[in-house]
Amino acid sequence: MTTFDFRTRYPNHAELTAIVQAWAAAHPDVVRLSSLGRSDEGRELWLLTVGRDPDRLRPAFWIDANMHASELTGTSVVLGIAEDLIGLLAHPATLRATSPLHALPAHQRALVADGLFYLMPRMSPDGAEKVLDDQRWVRSRPTFDATQRLHPRWVGADIDGDGRALVMRQADPAGDWVPLEGFPDVLRPRRLEDPPPYFRLYPEGLIEGFDGHRIPEPHYLSDNDTDLNRNFPADWQHPTKQAGAGPYALSAPESRAVVEFASKHPNIFAWANLHCFGGVLIRPPGSHPDAKMDPDELALYRQLGIWSEALTDYPAVSGFEEFTYTPDEPLHGDLTAWAHEHQGAFAWVVELWDLF
């Protein structure tokens with residue numbers, strides 16, 4: 001259906017645009033393409049609406065991905081879902097044999113075919129472009145709007161000109177790393193008995209505002225201060241309490257565009273927010289224990305979790321009880337909390353794979 005194989009290579013924004021535009025042009029009876037807005041750098045925030053008679057409002061399933069710039073797998077998954085849905089609706093006789101839809105019983109395929117799907121393959125196109133073009137790690141958006149820019153901070157860059165921004169080593173008698181035996185280009189954590197040389201590791205880049213003496217600690221938001229998944233208005237907290245929150249809720253055009261669309265489409269009953277770390281399914285609540293959740297709603301989530309675990313082999317966990325970074329310290333301003341608490345959707349974070 002498209003000449004670009006997004007299943008084997010991550011598309012940049014131009015390639016992604018060509019894919020979704022080709023689908024919309026080839027299948028106007030089942031696909032609508034719209035832009036929810038533009039990023040800071042002017043890239044369209046593409047949304048595919050897929051379904052038989054796509055202009056007819058009915059209960060809809062929203063799926064988004066790549067709000068974290070380096071988590072590119074989500075984009076390919078959303079595009080794969082879109083391609084399979086289009087195949088089911090437009091070419092059911094030639095549906096890919098490897099498609100999960102192909103394995104469904106006929107009555108379940110009929111339910112899917114009658115559904116409506118809002119698919120956002122890439123929420124942070126600016127960040128993804130930096131990752132793909134510069135091989136630089138970006139948490140979410142490659143924009144630094146902090147007011148206190150006089151403080152030294154790391155800015156990722158390709159220092160050695162090899163087309164990748166990775167890590168740098170610096171010899172230091174108090175360093176935490178030593179060369180791996182037999183592989184001097186590889187470092188491992190230092191043990192007490194290890195002889196020198198010792199090294200420190202830093203992100204490849206430069207220190208903006210360096211005073212010549214103090215090296216700042218690298219931080220995952222050193223050069224992109226707003227994390228889209230902390231910028232939504234559900235229990236939003238100031239950056240002094242929640243890193244990455246942004247100066248105010250929905251300060252980023254990407255998060256604002258999603259909320260504006262979803263608020264006008266209360267027919268969204270289910271929401272999947274795709275990420276790329278952990279191999280786990282995370283459900284609400286994210287701010288309080290299960291004991292404080294409505295028992296009927298909790299029972300439904302638990303049943304959905306049982307089905308999902310059977311289908312994916314991923315564990316289904318409570319956001320607050322099993323997935324906080326620090327015990328009893330909830331994350332604030334995340335998208336699925338907003339979708340669940342403000343829109344009443346059954347919302348899940350899907351962490352697509354587990355490297356370890």
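## Surface patch

The model described here is predicted.

## Backbone geometry

Most peptide bonds are trans, and most residues other than glycine have a negative phi.

The peptide bond from Pro196 to Pro197 is cis, with omega near 15 degrees. Pro197 is placed in the loop that runs between strand S8 (183–189) and strand S9 (199–203). Pro284 and Pro285 are also joined by a cis peptide bond, for which omega is about 0 degrees. The loop that holds Pro285 lies between strand S12 (280–283) and helix H6 (295–312).

Asp53, although not a glycine, has a positive phi of about 55 degrees. Asp53 is located in the loop between strand S2 (44–51) and strand S3 (60–65), and its relative accessibility of 40% makes it partly exposed. A positive phi of about 55 degrees is also found at Gln135, again not a glycine. Gln135 sits in the loop between helix H4 (125–134) and strand S5 (153–156). With 38% relative accessibility, Gln135 counts as partly exposed.

Val50 is part of strand S2. Its relative accessibility is 1%, so Val50 counts as buried; the limit for this class is under 20%.

When neighbours within four places in sequence are left aside, Val50 is in contact with Val30, Leu85, Ile86, Leu89, Gly115, Leu116, Phe117 and Leu119. Pro28 is 22 residues from Val50 along the chain, and the C-alpha atoms of the two are separated by 9.7 Å.

## Aromatic pairs

The count of aromatic pairs comes to 10. One of them joins Phe6 and Trp23 in an edge-to-face arrangement, at 6.1 Å centre to centre and with 90 degrees between the planes. Because Phe6 lies in the segment before helix H1 (13–26) and Trp23 in helix H1, this pair ties together parts that are 17 residues apart in sequence. Phe6 and Trp23 are both buried.

The ring centres of Trp62 and Trp271 are 4.6 Å apart and their planes are at 25 degrees, so this pair is stacked. Trp62 is in strand S3 and Trp271 in strand S11 (residues 268–275), so the pair ties together parts that are 209 residues apart in sequence. Both of these tryptophans, Trp62 and Trp271, are buried. Ring pairs also link Trp62 and Trp271 with Tyr118, Phe261 and Trp338 into a cluster.

## Charges over rings

Two arginines are placed over aromatic rings. The charged end of Arg169 sits over the ring of Phe199, 5.1 Å from the centre of that ring. Arg190 lies over the face of Tyr198, and the distance to the ring centre is 3.4 Å.

Technical notes
Residues numbered from 1 in each chain as written. Predicted model: local features only at pLDDT ≥ 70, side-chain atom pairs only at ≥ 80, totals over all residues. Heavy atoms only, no water. Helix = DSSP H or I, 4+ residues; strand = E, 2+ residues; numbered from the N terminus. Buried < 20%, exposed > 50% of the residue type's maximum accessible area, 1.4 Å probe, protein only. Contact = heavy atoms within 4.5 Å. Phe/Tyr/Trp six-rings, centres within 6.5 Å; stacked < 30°, edge-to-face > 60°. Lys NZ or Arg CZ within 6 Å of the ring centre and 35° of its normal.
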